[in-house]
Amino acid sequence: MAPAQLRLVFLTIFLRFIAAQQNDGSVSVGASLTATSDVKPWLSSFGEFAFGFKQVQWNDNFLLSIWYEKIPDKTIVWYPEEGRMVPTGSKVELLRESGLVLTDPQGTEVWRSGSISGVTSGFMNDTGNFVIFGSNSRKLWGSFDFPANTLLPTQVMEIGGGMNSTINTTNFSGGRFQ
């Protein structure tokens with residue numbers, strides 16, 4: 001094979017590999033994640049942000065959260081109200097009649113994204129906002145509407161909205177500052 005042909009073959013294989021690794025940020029109804037040390041999160045299209053379970057303490061506790069994926073520190077930028085930790089085996093699902101539902105290993109509901117129904121898809125976008133859509137691409141819920149302890153660029157806090165600091169880097173319960 002000539003060097004030019006060899007480069008073309010290599011480039012074709014490389015581009016197919018890259019295309020297979022890409023993600024468009026979409027999450028289908030029925031998709032789920034289980035809290036384990038090796039769970040792969042739902043990534044935004046360019047991989048800037050991740051949604052999933054983050055192990056934040058040196059034990060089997062996990063925090064359902066959104067974090068910066070491309071930086072070494074993996075800084076958490078969103079988590080459900082109260083920052084409640086869950087054990088290994090807990091599960092989050094995107095359900096048509098409930099939105100995001102977090103359950104512990106026994107199936108007891110720990111948190112849900114609200115009273116929503118008619119969910120058609122979810123989307124983790126590169127602004128750090130996880131959005132749930134209904135029919136006609138109507139937004140039903142978004143993580144930006146419920147800030148935790150961080151405001152991201154393009155995120156707007158509505159009048160009457162608020163946020164809490166955390167107690168420390170491993171306890172995401174409400175801290176001293178609002």
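The structure holds five salt bridges, a salt bridge being a side-chain nitrogen of Lys or Arg within 4 Å of a carboxyl oxygen of Asp or Glu. This is a predicted model, in which local features need pLDDT of at least 70 and side-chain atom pairs count only at pLDDT 80 or more, while totals for chains, interfaces and linings use all residues. Residues are numbered from 1 along each chain as its sequence is written, and side-chain values use heavy atoms, with hydrogens and water left out.

**Salt bridges**

- Lysine 139 pairs with aspartate 145, their closest N and O atoms lying 2.8 Å apart; lysine 139 is partly exposed at 40% relative accessibility (buried means under 20% relative accessible area, exposed over 50%, partly exposed in between, with a 1.4 Å probe and protein chains only), and aspartate 145 is partly exposed at 41%.
- Lysine 74 and glutamate 69 meet through their side chains at 3.8 Å, N to O, with lysine 74 partly exposed at 25% and glutamate 69 partly exposed at 23%.
- Lysine 91 bridges to glutamate 93 at 3.9 Å between the closest N and O atoms.

- Leaving aside neighbours within four places in sequence, leucine 100 is in contact (heavy atoms within 4.5 Å) with residues including Trp42, Phe51, Glu93, Phe130 and Trp141.
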